[in-house]
Amino acid sequence: MSYALITEDVIDEAAVQAAVLSDTAGAVVMFHGVIRNHDGGQAVNSLDYSHHPEAQKFLESIIAEEEARTGLRLAAVHRVGPLAIGDAALVAASAASHRKEAFDAIENLVERIKAEVPIWKRQHFTSGSSEWVGL
């Protein structure tokens, strides 16, 4: 069963990893999308993530499709709400017999999540201005 979650809570990274572990996995790759203190040449104070009410369904669907396509175990959690510098916004994992498969799967999964799950961020800059991204 796929592990996909949109949450306002701090992401439980161990749960994401545990969701993909198996006796057949020779490689587990974890991705952590972390809030950084800059973007586009501007200093960032914090971010707020907003999401469509059906974002969870989008995430579940993407993970199920990628698991069916690759035959691998995948998991992802995206955090929404206010986040500070250093917080994890997205944690995803893949498990495969070999590392190349696991790396390729996680890269494709993260790219699809970024492109297809209706989540938007508002960056708050140290200058006092803000900017929406992904609308």
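Glu66 and Arg69 lie three residues apart in helix α2 (residues 55-70), so about one helical turn separates them; a helix here is a DSSP run of H or I with at least four residues, numbered from the N terminus. The model is predicted, so that local features need pLDDT of at least 70 and side-chain atom pairs count only at pLDDT 80 or more, while totals for chains, interfaces and linings use all residues. Residues are numbered from 1 along each chain as its sequence is written, and side-chain values use heavy atoms, with hydrogens and water left out.

User: What makes the contact of Glu66 with Arg69 a salt bridge?
Analyst: The term requires a side-chain nitrogen of Lys or Arg within 4 Å of a carboxyl oxygen of Asp or Glu; the closest N and O atoms of Glu66 and Arg69 are 2.7 Å apart, and therefore the pair meets the definition.

User: Why is Glu66 called buried?
Analyst: Buried means under 20% relative accessible area, exposed over 50% and partly exposed in between, with a 1.4 Å probe and protein chains only; Glu66 has 4% relative accessibility and therefore counts as buried.

User: Why is Arg69 called exposed?
Analyst: Arg69 counts as exposed because its relative accessibility is 53%.

User: How do you know that Glu66 and Arg112 meet in a salt bridge?
Analyst: Their side chains come to 2.8 Å, N to O. This pair links distant parts of the chain, with Glu66 in helix α2 and Arg112 in helix α3, 46 residues apart. Through shared partners, salt bridges join Glu65, Glu66, Arg69, Arg112 and Glu116 into one network.

Note on methods
Helices (H or I, at least four residues) and strands (E, at least two) are DSSP runs, numbered from the N terminus.
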